[in-house]
Amino acid sequence: MEHFKISDLSFSYPTSGDAALDGVSLTVNKGEFTVFCGKSGCGKTTLLRHLKTVLTPNGRRRGEILFCGVPLGDVPEAEQAAKIGFVMQDVDDQIVTDKVWHELAFGPESLGWDQKRMRSAVAEMACYFGIQDWFHRDVSTLSGGEKQLLSLASVMVMHPEVLILDEPTSQLDPVAASDFLNTVRKINAELGTTVLISEHRLEDVFPYADRAVVMDGGRITVCDTPQNTGRILFEKGDEMFKAMPAPVRAYYSASGKGESPLTVRDGRAWLENSFPNGAKSVEREVSEYAPGGRTALKMKEVWFRYEKDGKDVLKGVDAEVPEGCFYAVVGGNGAGKSTLLNAVCGKIRPYRGKTEIFGKDIKKYKAGELYDGCVSMLPQDPKYLFVKKTVGAELAEMSRDADKIIRTAELCGITELLDRHPYDLSCGEAQRAAIAKVLLTDPRLVLLDEPTKGMDSAFKESFAELIRSLKERGITVVAVSHDVEFCARYADIVGMFFDGAILTSDTPRRFFGGNSFYTTAANRMSRGIFDGAVTVEDVVENYNANKGLQR
Amino acid sequence: MTHDAFSKCHPSVNFVFFILAICFGAVFQHPAYIAAGIVSSGTYYVLLNGKKSIKSFLRLLLLFCFISFINPVFNTRGDTVLFKLFSRPYTLEALIYGASIASVFVITMLWFGCWNKVMTGEKITCLFGGVAPALSILLVTVFRMVPEMIRTAKRIVSARLSIGKGGAEKLSERARSGASALGALASLSLEGSVTTGDSMRARGYGTGKRTSFSVYGFRRRDGALMILVAALAAAVIAFAFRGATRAVFLPERYFAPLSGANAAGLAAYCILLLTPTVMHIREVISWNISKSAI
């Protein structure tokens, strides 16, 4: 039985001539779990929004959408509200009311349910999602993960048949994102709700999905089972192959044939079966990171807490960052990593300890001097940096030197975007524009707070390229991040932040090679088979070398 | 948060009680009634706020003195001249009248202080939810939006600080930077409200008649309490119409005597005002008894 039948749907926004959707045809069956993937701006969001009339954007449209055999436009809005649940990307703004219980009740209230029906539905959902403990709390006191779970619950309370999720985890940290996606999976498995989800983080949803839909330029390029999708993308040499889960990438890159493993478990089985007599690891020169001498940032025994009677957030942080390197701090959620950055850029004052920036005590920098050609920080969400009507005006706010602006815009690849409104930029473009603003202060030390949050794989790569060119200019980059895969690949030194201090720091290869849980998927997959393989490329290299030995 | 028995009653009971207490407090100027008002509102205020109430009491005392002593400066009626101020008589009668006005003021302040603790936003929206669902949801969205905007503002300021904007620059530049930040706040909030609107409509907002989910059940206990409050209030009003609360300050002092039927009126007033206090204390006692039984 089909739930949605989309035939030859084309759409273009009134402001731009290009088609946002171009001849999309797709059938979604009842109870199916479908993942939509593709680069930012490929039309995923536009397509998903077409599946609910009130969210459908304005513009020119051709084609037809049937919901349970009826044209979607003919299904009454109240019925759509109950039957088609939609969870959006924005964690804060999609919550309407101030209390958790009221948010849960909002949908039923709007549909005019009576008190008794509402009570049982709300109670049931609160239990199912395990939110009875925070039932009476203020929404503003919830964490990002809790908020997104609340949004999901307040949609599920109306017992929808279809659940549509548009990049629901892009603003969450990996742990909260995993939790959220597991809940979605549970809903699909236990309630049989049809799920349509668009995601960048494919590791968690890919193994479970019935179908993967890959989009590019408003068209569906692949629509197949997850196993086949990996193979087709590899054979086509498609850019989206880089977004596939690590086991898929390793398998096909090592010229595997047929169905690939999707999970770390299956990936291990594949490697173990390939080398039943054990494997030899490729010897690799593990060198100390030794740049040219000078220290950009030195922290000694830094202690800090927000309130007089509160808990210490920083408990004796020691760190040393050599000039011109990319230093990444990884660690759990809410552990105080952002606080650490705030201490470095002088926004908070530690009550004990010493912070030196380029050999000078941070307390000796005069007001404003620190930000003038020395330290600059990119906030977690770049949108908070934008205050003007065009990107060009944003840059002009930072500097009067027109040549410098042009050079920086070129470096960040935003020359074509100068006339656009900052809010109209995609996530990746916004990040680049924000970096340009940061760079216009001529910093020697750039601080990045969760820079890869919400980025797709293609943009992560060009972002890494940007960091590399900063390093070439002698700029030191310090980032705090949850993105283990990104840090493993591109950082020079990785530090583990735990319990208020940086416990260990080392080169990524030694750091992640030594961890067993807090490490990359490629490392978890090859642990005990190959030593010190941290990235997918390492695994493939080891695999090929050992296959060569077997022959 | 302290547990308060009266706060746990249905919001309508809380609402009716406070409206009555505040209105009566503002109207009755008879010294006995004023005393009853100050004692009962003050006790309940202490029960709700604990140690923090000392500070508020000091502040109210200052206010009381100020109003009392300032009144005779403008009001020169009365025979008992205490002294002359700027060649105008400063009379005892006016001073007493001022004190009574000040007391009325203090009583209303105290009741409003209690109101703040008992009538949370949730309760107010619940009350309106039944009568005017549209107004209620509007209130709720405002309650949600205000902290959200404050947070956004903080984030903008913090983000700009870390690129060296809005910090220690020249005053003119700081003003300009502040204006930019304010503009950004407005546009970000606008962007956010578009998403909120989508989210509301996606969940059926505006498709039909709204109902209102209530976390507060109206129990028999609430009904009984409501009847008690209404009966006492009716008695107080009836006696007031018979002149039990009559108080004249100028030119000559006259207070209605507290004998006979008038005493019953005052008693009704005291019982009414002390209801929350009695409920609170009773719960504390029964809790302590059951605790000692363990």
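This is a predicted model: local features need pLDDT of at least 70, side-chain atom pairs count only at pLDDT 80 or more; totals for chains, interfaces and linings use all residues.
Let me begin with one strand of chain A, S17(A), from which Leu445(A), Leu447(A) and Asp449(A) point one way while Val446(A) and Leu448(A) point the other way, and all are buried, meaning that 20 or more other C-beta atoms, placed from the backbone, lie within 10 Å of the residue's own. In a regular strand, as a reminder, the side chains alternate between the two faces of the sheet. Because five of the five residues of S17(A), residues 445-449, are buried, the strand is largely enclosed by the rest of the structure.

Residues are numbered from 1 along each chain as its sequence is written, and chains are lettered from A and ligands numbered from 1 in the order in which they are written. Strands (E, at least two residues) and helices (H or I, at least four) are DSSP runs numbered from the N terminus, and two strands pair if DSSP finds at least two bridges between them.

S17(A) pairs with strand S16 of chain A, residues 375-378, in the parallel sense over four bridges, and there Leu445(A) is the bridge partner of Val375(A). Five bridges join S17(A) to strand S18 of chain A, residues 476-480, again running parallel, with Thr476(A) as the bridge partner of Leu445(A). From S17(A) the chain crosses through helix H15, residues 457-472 of chain A, to S18(A) in a right-handed β-α-β crossover; that is, with the strands pointing away from the viewer, the path from the first strand over the helix to the second runs clockwise.

Elsewhere in chain A, four strands form an open antiparallel sheet in the order S12-S11-S14-S15. Strands S12 (312-322) and S15 (360-361) of chain A stand at the edges with a single partner strand each, so one side of each is left without a neighbour in the sheet. Strand S11 of chain A, residues 295-305, is joined to S12(A) by eight bridges in the antiparallel sense, and Pro322(A) is the bridge partner of Thr295(A).

Finally, the contact between the chains takes 54 residues from chain A and 46 residues from chain B, where contact means that C-beta atoms, placed from the backbone, lie within 7 Å. The largest share of chain B's side, 14 residues, comes from H7(B).

Methods. Two residues are in contact if their C-beta atoms, placed from the backbone, lie within 7 Å. A residue is buried if 20 or more other C-beta atoms lie within 10 Å of its own, exposed if 12 or fewer, and partly exposed in between; C-beta atoms are placed from the backbone.
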